[in-house]
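Here is a short briefing to read alongside the sequence and the 3D view. Please keep both open as you go through the points below.

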Amino acid sequence: MDYYAINSLRENHAGWALLRAQNAPLAVHFFMAAFTGPNQRNIGRQQLIDILEDVLFGVRESFGEGKFPRQASEYLDDWADPERAWLRKYYVPGEDEPHYDLTAAAEDVVRWVENLRGRDFVATQSRLTSIFAVLKTLVQQSETDPEVRLAELQRQRDGIDAEMQRLREGNIKVMSAPEALDHFQQLTTLAKDLLSDFREVEQNFRRLDRQVREQIATWDGSQGELLDSIFANQQDIGSSLQGRTFQGFWDYLMSPQLRTELRDLLQRATQIEALSRMDNLHAVANLHQDWLPAVEQTQATVRQLSQQMRRLLDDKVFLENKRIMQLIRSVESTALTTRAQPPSGIFMEIAAPSVDVALPFERPLYEPGSRVLVMDDVVIADDADVDAGALFSQFYVDKEHLKSHIDAVLEDADQATLANITAAYPLSQGLAELVAYYQLAAESEWANINPEATQQLSWSLPDGSIREATIDQIIFVRPA
């Protein structure tokens, strides 16, 4: 980075503006108390105001009532203003209260300020071990010669055999307390950095969403060309380096074997005697529970991008947006033309404001309504040949009953596909029940619909015939 790039960041970056702000200590303290400290996201406005009022009360108690005299709601609106962009303000579907989340730029400032305080213990050995592990994985997994890879695997096997022999002989090497503390600090740092990365990935996806909508609103060409451009941009999300690594993390986290292993390792880490005096030891056991909501919110942003594109690409909306932009450009071109030579005299007439006068005697007189003659003769129709079976062949799909099937299967597993659920509880109402399962997955926060994978389901009809359907893979996850 050169002088011009750094100066541009100084003038335009939201994080740099936060560091230069008059109320930067108050803002950073509040961000730590509300978001990064308890590791919370998506907080309602009233809850945030209560937290900020507590922070202001403590500051004013120490420095006087004149310190930061504005209301908590005013500070909140100021920090969420697009010009500052330290907080993101948005509305959750079905709720009238706005929610807030910390932006990636503000979180970078919070992490940087925390690091300025210094550390009593600096992890070096664990970082060196991590560097060697990553380097070995990079070199070994990129090797194309099978002989080299076999030789490396044989060397690892020999090392494992030697370690097993030492254990049989009673020679057990246990990690010392400084080494355990070193690795624990490295673990907590990586976990915080990972949560911070989720905010940045979600912000990048949201920026792409905004660019797509702007492109739709200002498009001059045909709708077919616009579709080609939009779908190319949407494909870039999944094929980009960031999109592929995030999808790989999601697949890794959704694996039942890996989740079970991760939960077991975290639980065992909290039982290490050398770490028993650590203050934040209890938070280690819940790392995976902190990741799941953050990853789900990022996935929801990607799903929202697809929904917005389907809505904006509707024919009617497309034509309306195109007509609006034509009118706006016509007004702009006319204003530019008349700016150099403004018209003289009266060039536009606007109707003067007036009050509509309604006199009482202008109202019509009352007119009684005409009497309606009702024929009360009952005519019995000949319905002997009418088949009334269709009236009794209707059925209702009970979604609560289907939810009980999902919960019953998830009692013995962390996650289950729709195929696993229908294997335990076969489809009894055919395609309608299958559609109900699909609707439950679309509305649930603990379900994932993977369009890149398919699953085949089947059910029997009353006449003994078999029906089959191929749908997107649906995975239900047990709530944390």
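The model shown here is predicted. Its secondary structure comes to 19 helices and 6 strands. The protein has 480 residues, of which 30% count as buried. Among contacts between residues at least 6 apart in sequence, 64% join residues at least 24 apart.

**Aromatic pairs and the cluster**

- The structure holds 7 aromatic pairs. One of them is formed by Phe31 and Trp79, an edge-to-face pair with 5.8 Å from centre to centre and 75° between the planes.
- That pair links distant parts of the chain, since Phe31 belongs to helix H3 (residues 24–36) and Trp79 to helix H5 (residues 72–79), 48 residues apart.
- Are Phe31 and Trp79 buried or exposed? Phe31 has a relative accessible area of 0%, so Phe31 is buried. Trp79 also counts as buried, because its relative accessibility is 0%.
- Phe68 and Tyr75 make another edge-to-face pair, with 6.4 Å between the centres and an angle of 80° between the planes. Both Phe68 and Tyr75 are buried.
- Which residues form one aromatic cluster? They are Phe30, Phe31, Phe35, Phe68, Tyr75 and Trp79.

**The surroundings of Phe68**

- Phe68 lies in the loop between helix H4 (45–63) and H5.
- The phi angle of Phe68 is near 55°, which is a positive value in a residue other than glycine.
- Why does Phe68 count as buried? Its relative accessible area is 16%, and buried means under 20%, so Phe68 falls in the buried class.
- Lys67 has its charged end over the ring of Phe68, at 5.4 Å from the ring centre. The charged end of Lys67 also sits over the ring of Phe63, 5.9 Å from the centre of that ring.

**H3 against H5**

- The axes of H3 and H5 come within 12 Å and cross at roughly 90°. H3 and H5 are therefore roughly perpendicular to each other.
- Which residues meet in this contact? Leu26, Ala27, Phe30 and Phe31 in H3 meet Tyr75, Leu76 and Trp79 in H5.
- Sorted by class, the contact of H3 with H5 has 7 nonpolar residues, with no polar and no charged residues.

**H17 against H19**

- Helix H17 (residues 399–410) and helix H19 (residues 431–443) have axes that come within 10 Å and cross at roughly 70°.
- On the H17 side, the residues in the contact are Lys399, Leu402, Lys403, His405 and Ile406. These meet Glu433, Ala436, Tyr437, Gln439 and Leu440 in H19.
- How do the residues of the contact of H17 with H19 divide by class? There are 5 nonpolar, 2 polar and 3 charged residues.

**Ala72, in H5**

- Ala72 lies in helix H5. Ala72 counts as buried because its relative accessibility is 4%.
- Not counting residues up to four places away in sequence, Ala72 touches Ile49, Leu52, Glu53 and Leu56.
- Between the C-alpha atoms of Ala72 and Asp54 the separation is 9.5 Å, and these two residues are 18 apart along the chain.

- Where does Ala85 lie? Ala85 is found in the loop between H5 and strand E2 (87–91).
- Phi of Ala85 is near 60°, a positive value in a residue other than glycine.
- Ala85 has a relative accessibility of 29%, so Ala85 counts as partly exposed.

**Glu114, in H6**

- Glu114 has its place in helix H6 (residues 104–116). With 23% relative accessibility, Glu114 counts as partly exposed.
- Leaving aside neighbours within four places in sequence, Glu114 is in contact with Met32 and Thr36.
- Glu114 and Met32 are 82 residues apart in sequence, with 9.4 Å between their C-alpha atoms in space.

Definitions and conventions:
Residues numbered from 1 in each chain as written. Predicted model: local features only at pLDDT ≥ 70, side-chain atom pairs only at ≥ 80, totals over all residues. Heavy atoms only, no water. Phe/Tyr/Trp six-rings, centres within 6.5 Å; stacked < 30°, edge-to-face > 60°. Helix = DSSP H or I, 4+ residues; strand = E, 2+ residues; numbered from the N terminus. Buried < 20%, exposed > 50% of the residue type's maximum accessible area, 1.4 Å probe, protein only. Lys NZ or Arg CZ within 6 Å of the ring centre and 35° of its normal. Axes fitted to C-alpha atoms, helices over the stretch in contact; angles between N-to-C directions. Contact = heavy atoms within 4.5 Å. Nonpolar A, V, L, I, M, F, W, Y, C, P; charged D, E, K, R; others polar. Parallel < 35°, antiparallel > 145°, perpendicular 65-115°, else oblique.
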